[in-house]
Amino acid sequence: SWLPGMDADKDNRLDPDQLPAYAAAAARLVQFLNGELRAGFKYFEITNEKDGPYWVDAARRGEDHTQELVTVFNAVAAAVRAAD
């Protein structure tokens, strides 16, 4: 799930205003694991199967939040790449 406070409306999707903080937290995690600990992780799962709230579950309700998920993924991927 998202970090505490990043889904205030409890819709299981990241609150848009929390995207910078979530990307920064992911980047910090990568810095810690691969920088400080020198763990050598090559891959990170950015959203941990969040396709449900954004796409699968949403489609059942006639909604489509796929672009929101793409925005989250791209922002976090950029932050993680920069940190690694």
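**Exercise 1: The surroundings of His65**

Leaving out residues up to four places away in sequence, His65 touches Arg13, Pro53, Tyr54 and Ala58. The model is a predicted one.

Task: Decide where His65 lies, whether His65 is buried or exposed, and which side chains make polar contacts with His65.

Solution. Step 1: His65 is found in the loop between H2 and H3. Step 2: its relative accessible area is 13%. Buried means under 20%, so His65 is buried. Step 3: the side chain of His65 has a polar contact of 3.4 Å with that of Arg13, and another, of 2.9 Å, with the side chain of Glu63.

**Exercise 2: Helices H2 and H3**

Task: Describe how H2 (residues 51-60) and H3 (residues 66-83) are arranged, and list the residues in contact.

Solution. Step 1: the two axes come within 8 Å and cross at roughly 160 degrees. Step 2: angles over 145 degrees count as roughly antiparallel, and H2 and H3 are therefore roughly antiparallel to each other. Step 3: the crossing of H2 past H3 is left-handed. Step 4: H2 contributes Asp51, Tyr54 and Trp55 to the contact, and H3 contributes Thr66, Glu68, Leu69 and Val72. Step 5: sorted by class, these are four nonpolar, one polar and two charged residues.

**Exercise 3: Pro16**

Solution. Step 3: Pro16 and Ile46 are 30 residues apart along the chain, and 16 Å separates their C-alpha atoms.

Methods:
Residues numbered from 1 in each chain as written. Predicted model: local features only at pLDDT ≥ 70, side-chain atom pairs only at ≥ 80, totals over all residues. Heavy atoms only, no water. Axes fitted to C-alpha atoms, helices over the stretch in contact; angles between N-to-C directions. Helix = DSSP H or I, 4+ residues; strand = E, 2+ residues; numbered from the N terminus. Parallel < 35°, antiparallel > 145°, perpendicular 65-115°, else oblique. Left-handed = near helix turned anticlockwise from the far one by under 90°. Contact = heavy atoms within 4.5 Å. Nonpolar A, V, L, I, M, F, W, Y, C, P; charged D, E, K, R; others polar. Buried < 20%, exposed > 50% of the residue type's maximum accessible area, 1.4 Å probe, protein only. Polar contact = N/O pair within 3.5 Å; in protein donor to acceptor, adjacent residues only side chain to side chain.
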